[in-house]
Structure formats: structure tokens, C-alpha cells
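Here is a short report on a protein model. Look at the structure first, then read on.

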Amino acid sequence: MTMLFPAAVGAVGYVFPNDLHVHWSLMIVLYPYITGLVAGAFLVSALYRVFGVESLRPVASFALLFALAFLVCASLPLLVHLGHPGRAFSMFLTPNPSSAMAGFGYIYAAYGIVLALEIFFLYRPHLVERWRRSRGVKHLGYGLLTMASDDLSPEALALDRRIMSILARLGIPLAILLHGYVGFIFGGIKANPLWASPLTPVVFVLSACCSGVAGVMLAYVLLNRIGGRPVSQACVDTSLKYLWGFFALTFSLEMLEVLFQAYMGTDSWEALRLLLWGPLWSSFWIWQVLILSVVPTLLLGILILGRVGPGPRTVLGSLSAVLILLQVFFMRWNTVIGGQLYSHSERGMVMFRPGWVGREGGFVALGLMVLPLVILFVLGRIFPFWPREVNDFLHVVSARDEEPDRRLGIGN
Amino acid sequence: MAARTASGGNGPEGGRDADLRRRGFLRLVLSGAVGGSLLLVIPMGAARLLSGAQEDEEGGGTSNNPAGRRYVFVVDVTRCIGCGTCCVADRNEFMVPDGYYRTWVERYVIEGLDEVHVDSPQGGLNGFAQLPEACPGVARDLFFVPKLCNMCARPSCVQVCPVGATFRSREGFVLVDAKRCVGCAYCVEACPYSARFLHPLHKTASKCTWCFHRVHKGLEPVCVRACPTGARMFGDLDDPDSEVGRLLSRPEAVAVLKPEMGNKPSLYYLGLRREVI
């Protein structure tokens, strides 16, 4: 029993008897964390393809694969958490229209289709080329991936570009919706003073952008350093600027929420105050605010505004990305777990420490965070992360004024 | 092939005829598939419509309220002695696992003007033989408050349930269809009264039902029946002969818990104090 629903560790004050159980545990912390990475990574790609941020070109295609790898795993924490995962599909078949959670199936599916199609069209020339060159099982596999269409005529590629352009634009609201609705799941719970705020979905979306930019940039630097390939300094610098901007907004709104509640001093603040100066003291003030927000904000400020050489800039920038990735995780933890610690009795709190073993334990959580990286590795065997031809193709997509029949140099 | 034979050959006429028949056939298949999919998508609504129709026939009531009754639960705080008999009866009736509560009793000890000590050891299951630990001073007042599902008219749990497993019946009972519940615990998080929990064995949401299974047979909820002082009362609000009907028609202070939540509970309290949340 305790393995299934981790019991709280102790209580302070009077807690309603049923509030001693923290039903939403590590898996529900992971769920918004992973969807945030998915949405954020997509927006990195969109910055180049839709908003024309040229320096992000090296990561534009990788960001899509990064998003796909995490998207595949986004529903896993939910399924692990559900008492009856076998019935999960009924959220799709018989949704309750008044439930924020019921939107999951539709938004997730719509976003998944858009992302998969984008990757398909982006890599189609590459896949066709591989299909033509391979033999046996590989030939069959690439044939399936290309959907047996090997038309790479200028007209067909022009059509691909048009479709991709539409998909990239369509993907932006879908990515925001994917994560905004996750924030709404929490923000719409009026019974919980820590969650019930219209700012909650906004903060969730902004922190998703932070984790997406940080995750893609960090993976880009690490993978290229390990692979002995050059790292585009312009790409790193631009990523750091966006990271700083998104993070400054996120952190400001997070602090605004606390400041606003404190200034109003209503009953909600009393709950929040007890939590922030009680069970969340170290995870919120020490970790989320001081170590993982103030430090990277200052560090990024020095890197962007100061005179720091390219080498240290990349290393310290990557360190900031790690800190911000952790900050977003801590923010999810403090929101999801913290919100449940304060009893509806308004007279007490529970203490909670998750275990390592069990269905919602730390080992499963670690496994679920490693799995997308394994999937990303497998995807990388099929879809090259930084191929010249794919990036050239992206370039053609973004630069509309270029010659429409420009060839993609596949296999060159 | 049959179409070709029937049309008398493979000539241009026969081919067109076959083509038309094929189109007709495809149209039928397509509409069948769409219709079938719709049936898959709407079983919840269909089931509700059917059950509603059945209730109409059985109850002979109006379409708005087939049973013709408006059930309410009334707790008289001044009568509760904190014996815990109601909790024992409930636990026996539903085999509630340890550590989870469909109903519980709270003890309030007031010291001075605003010093409030609340406790509910084992949900009040074993009564309150011992004095509360954190109450060193002299108590100004002491009272007991039974808690259970509020059967809200605007229930948060029904609003948030992603699959419609939690629903409000026409008689006003908020119930859980355990065969449909996915066990996501969203309803548990959304209930302002913490009346819900995830059943550790069934892995579905569970809570007090006001003994719907008994009420349907004309019986009282077990806790009402077990209460030795009559602190728990249940009945039809519109029935002038019922105890709850009489109580709630008198000019007496009647309160609900957390009215600011806007859930509009059907659980009313007599003699409720401002300290109670």
C-alpha cells in the first residue's frame, strides 16, 4: 500500500485524516517537467524557423528530435501514477469536458502529430537517400519511414517546405497549449491556495521555455564536445541570451506571486507562509531561489554583459543551463508536492519524503528521465542531429527569397 | 466480383455500374465506421441517459428530479458526544482500510478567546478518552464535529474528473463509478473538504456515499442509525414530516463548511462554531 501511494512522513498541527496521504508524488512532478522540456525544445526550433533567429540554426533540427524523444515519454509518468493505467485511454474516448485533465489526450496527440510530421518532412530527403542506398531490413525500414515516396523533385520539395512552414507556425500555439494546460491543471484547483492562481499556467509555460532552451543548448555543447565537432559560439551565445531573458521573466513572476500574497496577507498567504517557512524552507528558499535562481541569473548576466572569453563562456553557460534545468525541477517539486503538504484543515501540514523504491520512487523517476535520452540516441541513428543537408534545408525553409529549386546536397 | 456479374459483364456500362455500387458500398462502410466510433465515444452519455430513463420509470417523478426527493444531511454539533460509534458503523459497513476515512469526528478544544486545539485520533474511531496533548491550559469550551462528504450541488470532484467516473445523481448524491475511475486522484486534490481518498486496494477514488445503497432501499445511512444521540440526521428536505425538513424550516442558524468555495454543500450543520473549518 505504502509503495503505491507514498505515505507522508509526519505531520505538524491538525491535518484532516485523509490529507496524511500525498497522492501526487514524484511521477506528477516529472510529468510537467518532461512536457515542459518538450514544449521548450520546440520553441527553440521555432525561434529559428519562424522568427528567423539565424544563429540558432545548428540546433534547430536537433531541438525537434529532442522534443520528440521527450514527448514519447511524456505520458509514462502519468501511466505509472494511475491506479488503473489500462483505463487511461478512456480519457480520450469518454472525456469529461469540464475537466482540465481530459484535454491531455487531444492536445498530446495533436502536438505529437505536428511534431512527427515536421520531422518527417524535414528529414525526407535524407531518408529517401538512405532508402535508395540501403539493402535488406534497413531498406524496408527506410521505405516505411519515407512512406514509400521517393519524389525529391523541386516541386515536391517546395511543397514540403510550404507544409513545414505551416506546421512550424501551428506547432507554436500547440506547444504553449501543451504546457499551459498542464499549468491549468494545478492553477484551476481552488481548494489549494498554493496552486490556485492565474499566474500558475503562465509561470509553467515560461519555465518550460527555460528548460527547453537550457536542455537543447546543454545537449548541443556536450554532444559536440564529446564527438569532437566544433561548437557554434554564436549559437551558444544566442541560447544564453534567450535563456537569461526567459529565466528573468520566470523568476520575476515566481517571486511576484510570493510578494503579492505576502502583501495582501489573506488566508492564502498564511498557508503559503507556513509552507515556505516550514517544510519547503530549504527546497524553496535555499535551492529554488538562492542556488538555482539567483546564482544562474547573476552568472548569465556576467556572461552576457561582461567580457568573458568564448571558452569560459561556453563552460559557465553550460553550468547555468544545468542550474536552470534543476531550478525548473525544484519549482515543479515545490509546486506539486508543496501544494499537497498544506492540509485543507488550514491548521496543519504534513512532511513528505519520497522513497527510492516503489512504483513512484526515485529509481523509476531516474529511469524515466534516462529513457528519453536513450530514445534520443536511437533517433540519432536514424535522423542525424546536425547534418549539413538538413540544416541547409531548414535554411531554405526559413529564407523564402532563396531560389526555390535549390538542391539540398544530399549525400555530398 | 458479384457486382460485375450482376451488371452483366465488364463493358463500360457494367464497369460504371460496378463503380457506383462500390461507391455506395464504401459510403455504407464509412458511415458504419463513423457511427460505430461515435458509439465508442459516447457510452458514458448513453449510459447516463438510459439510467435516467430507468429512474424516471421507477420513481415516477419529474425529469428534473426523478425520485422527487431532495436529500440533505444535517449534523447537530451540540448533540455529538464524540463516541465514534458512527465511524465504527461506517468502517464495518464499507470495510474501509486503516488510515483512510469516509467519515471522521473532530474534537475542538477552545482556550481563551482564540486558542483552538483540534484533533481526531484515528478519525475519532475509538472515541476521545484522552485529553488532547497540546492543551495545557483550562478549556473554555469543548465540542465534537462529525465530518463526511458534503454532497455538493456544484462539486469540484465532478468538475475535474477526467473520465466522468465521479458524477452527481439526480437525487443529489455525488458518487464514484469504480469501474470507470482511472485512479488519477485529481478529485482527491480538488475536494476542499478532503472527503476523498484513493482506495489502496481498489486503486480508485473512494468516499462517503451517504449510504446510497441503503437510502435507495428506504433505509437510513448507517452512521445516522448508529448515532446514540441523534446528532446525525438525514432525510428529504421537502418532506414536512421528516426531521431534517422540520429542522431546516425553523428560524435557526444553519451553516455549511467553507461556503466561500462556492461548492454549495448539501451537508448542513446546526450549532456550528466559527472555529470549525
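## What counts as a contact

Two residues are in contact if their C-beta atoms, placed from the backbone, lie within 7 Å. Keep this in mind for the helix pair below. The model is predicted.

## A pair of helices

Find helix α9 of chain A, residues 233-264. Then find helix α10 of chain A, residues 267-276. Two packed helices are described by the angle between their axes and the distance between the axes. For α9(A) and α10(A), the angle is about 125° and the axes are 8 Å apart.

Which residues meet? On α9(A) they are A:Q261, A:A262 and A:M264. On α10(A) they are A:S268, A:W269 and A:L272. This contact has 4 nonpolar residues, 2 polar ones and no charged ones.

## Two domains

Now step back to the whole of chain A. Domain 1 covers 22-187 + 356-405, and domain 2 covers 228-352. Their C-alpha centres lie 26 Å apart.

## Where the domains touch

In chain A, 14 residues of domain 1 are in contact with 16 residues of domain 2. On the domain 1 side, α1 (26-49) and α2 (57-74) each supply at least two residues. Which helix gives the most to that side? It is α1(A), with 6 residues. By class, the domain 1 side has 12 nonpolar, 2 polar and no charged residues.

Definitions and conventions
Residues numbered from 1 in each chain as written. Chains lettered and ligands numbered in written order. Predicted model: local features only at pLDDT ≥ 70, side-chain atom pairs only at ≥ 80, totals over all residues. Axes fitted to C-alpha atoms, helices over the stretch in contact; angles between N-to-C directions. Helix = DSSP H or I, 4+ residues; strand = E, 2+ residues; numbered from the N terminus. Nonpolar A, V, L, I, M, F, W, Y, C, P; charged D, E, K, R; others polar. Domains from an automatic or database assignment.
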